[in-house]
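Walk me through this model, element by element. Start with the helix packing, then turn to the backbone.

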Amino acid sequence: MASPSSPRGIIVGSFQHAAKELDEFALKHGAVYSKAKTREEFFEECKTRFRGAIAAAILYEAYPTVGPFDKEFIDHLPKSLKYLHYNAAGYDFVDVDACTARGIYISNTPGAVDAATADVACLLILSCFRRASQFERALRKGTWRGDVPFGNDPEGKTLGVLGMGGIGKAVVRRMLGFEMKIQYYNRTRLTPEVENKYHATYVDFDTLLRTSDCIFISVPLNKATYHLIDAPQLAKMKDGVIIVNTARGKVVNEAALADALDSGKVAAAGLDVFEGEPDVIHPGLLRHPRSTLLPHIGTNTLETAYKMEMVCLGNFEAALTKDSLLTPIPEHRQFFQK
C-alpha cells in the first residue's frame with residue numbers, strides 16, 4: 001500500500017451516496033482526497049502532494065472549485081497520471097483531446113444512467129403528447145382545464161430515436177408499450193438481431209427528421225453534434241413535430257427551437273437539458289405554454305446516483321489494481337480491446 005505521502009490515487013470532490021465505499025477504497029488502495037479550495041491550490045497539490053499518482057477520480061461536484069476540466073487543468077495534472085474517472089455518463093466537461101495527447105485515459109458511467117434517464121424521457125414524451133404540463137398549470141391557476149386544446153395519443157405515431165445507445169434502447173422498450181412505431185438513426189447501424197429485438201427500423205438522418213412524429217435526442221455532445229438540431233433541421237421536420245431532449249442542451253439550438261414553437265412548426269418540446277444550464281434558460285422556452293421543462297433530473301434518483309458512483313469506483317479500482325478500465329469512453333476503448 002502506498003504511504004499517505006505518495007498517494008497512488010487522487011479524489012477531487014466527494015461521493016454523496018457511496019461515501020462509505022469510497023472511504024474504504026481510499027484506505028485500502030492508497031488514495032487521498034484533495035484539500036484544495038481553489039483551482040490554483042489544486043494545481044499546487046499536483047506538483048507536490050500528488051506527485052507520482054496514477055489515477056484520479058474527478059467528481060462533478062468539484063467543478064465549481066477546481067473546474068473547468070479544460071486543457072489547462074489536464075496539463076497541470078501529475079506527469080505520472082494515466083487514468084481519469086468521471087462520475088457521469090456525459091463527459092463533455094472534460095477535454096478529451098488534451099487527455100489523449102497526454103496519454104490519460106478517461107472512464108465514465110454508461111449503463112448506470114440508462115433506466116432513470118429513459119424514465120424521464122418517457123415522462124416528457126407523454127407530457128408533450130397529452131399536454132399534461134399545460135393542464136397542470138391551468139389547474140393550479142384555478143381554471144380547471146382552462147383553454148388547453150385536446151392532446152394526442154402516442155399510439156400509432158412514429159418515434160424517431162436520434163442515438164440508439166443504452167438510453168435510446170431503454171426509451172424504446174418503454175414506448176413500445178404505448179404501441180409507437182420505432183425508427184432510429186445511429187452513426188453505426190445496429191445488427192439485424194438488435195433491430196428485431198427493439199422492433200426498430202434504421203433510417204438516415206434526413207428521413208428521421210422528415211418522417212418522425214416525435215424525435216427523441218440521445219447523442220453525446222461533441223464537435224459533430226453541437227447544434228445538430230438547428231433551424232435547417234427543424235424546417236425539414238413534420239408540421240406539429242414533438243422534440244424531446246435528455247442528452248445535452250447544446251445539441252439543440254434553443255433560439256431556433258423557441259422560434260419553431262412560436263410558429264407552430266413544433267407542437268411541443270420536452271427538455272431536461274439546456275444550453276446555458278443551470279443559470280440561463282432561453283426566455284422563449286420559459287414562457288412558452290407548450291414546453292415542458294425539467295432541471296436536468298434524468299439521473300436524479302437515489303438508486304441511480306449510487307450505481308453511478310459505484311461504477312466510477314469500479315473504474316478507479318481497475319486502474320490501480322489491473323492497469324485498466326471497466327468503462328472507457330468511446331474515444332479510448334481502442335486502448336483496452338484485447
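**Helix faces, a helix pair and some backbone details**

The buried residues of helix 2 pack against strand 1 (9-12), helix 3 (63-66) and helix 4 (71-76). Contact here means heavy atoms within 4.5 Å. Helices (H or I, at least four residues) and strands (E, at least two) are DSSP runs, numbered from the N terminus. This is a predicted model, in which local features need pLDDT of at least 70 and side-chain atom pairs count only at pLDDT 80 or more, while totals for chains, interfaces and linings use all residues. Residues are numbered from 1 along each chain as its sequence is written, and side-chain values use heavy atoms, with hydrogens and water left out.

Helix 2 covers residues 39-47, and its buried residues are R39, F42, F43, E45 and C46. Buried means under 20% relative accessible area, exposed over 50%, and partly exposed in between (1.4 Å probe, protein chains only). Viewed down the axis of helix 2, the buried residues fall within an arc of 155 degrees, so they line one face of the helix. That arc is taken over the directions from the helix axis to the C-beta atoms. An α-helix has 3.6 residues a turn, so residues three or four places apart point the same way. E40 and K47 are exposed, on the other side of helix 2.

Next comes a helix pair. Two packed helices are described by the angle between their axes and the distance between the axes. Helix 6 (residues 114-130) and helix 8 (residues 166-175) pack at an angle of about 50 degrees, with axes 8 Å apart. That makes helix 6 oblique to helix 8. Axes are lines fitted to C-alpha atoms, for helices over the stretch in contact, and angles run from 0 to 180 degrees between N-to-C directions. Under 35 degrees counts as roughly parallel, over 145 as roughly antiparallel, 65 to 115 as roughly perpendicular, and the rest as oblique.

Which residues of helix 6 and helix 8 make the contact? Helix 6 gives D114, A115, T117, A118, D119, A121, C122, I125 and L126. Helix 8 gives G166, I167, A170, V171, R174 and M175. By class, the contact of helix 6 with helix 8 has 10 nonpolar, two polar and three charged residues. Ala, Val, Leu, Ile, Met, Phe, Trp, Tyr, Cys and Pro count as nonpolar, Asp, Glu, Lys and Arg as charged, and the others, Gly among them, as polar.

Two threonines are worth a look. T304 lies in helix 14 (residues 302-322). T304 is buried, at 4% relative accessible area. Not counting residues up to four places away in sequence, T304 touches A112, V113, A116 and T299. T100 lies in helix 5 (residues 96-102). T100 is partly exposed, at 36% relative accessible area.

Now the backbone. Most residues other than glycine have a negative phi, and most peptide bonds are trans. The peptide bond from G67 to P68 is cis, with omega near 0 degrees. P68 sits in the loop between helix 3 and helix 4. The bond from E277 to P278 is also cis, with omega near 0 degrees. P278 lies in the loop between strand 11 (266-271) and helix 13 (283-286).

Is H199 buried or exposed? At 56% relative accessibility, H199 counts as exposed. Its phi is positive, near 50 degrees. H199 is in the loop between helix 9 (192-197) and strand 8 (200-202). H227 has a positive phi of about 50 degrees, but is buried at 18% relative accessible area. Its loop runs between strand 9 (214-217) and helix 11 (231-236).
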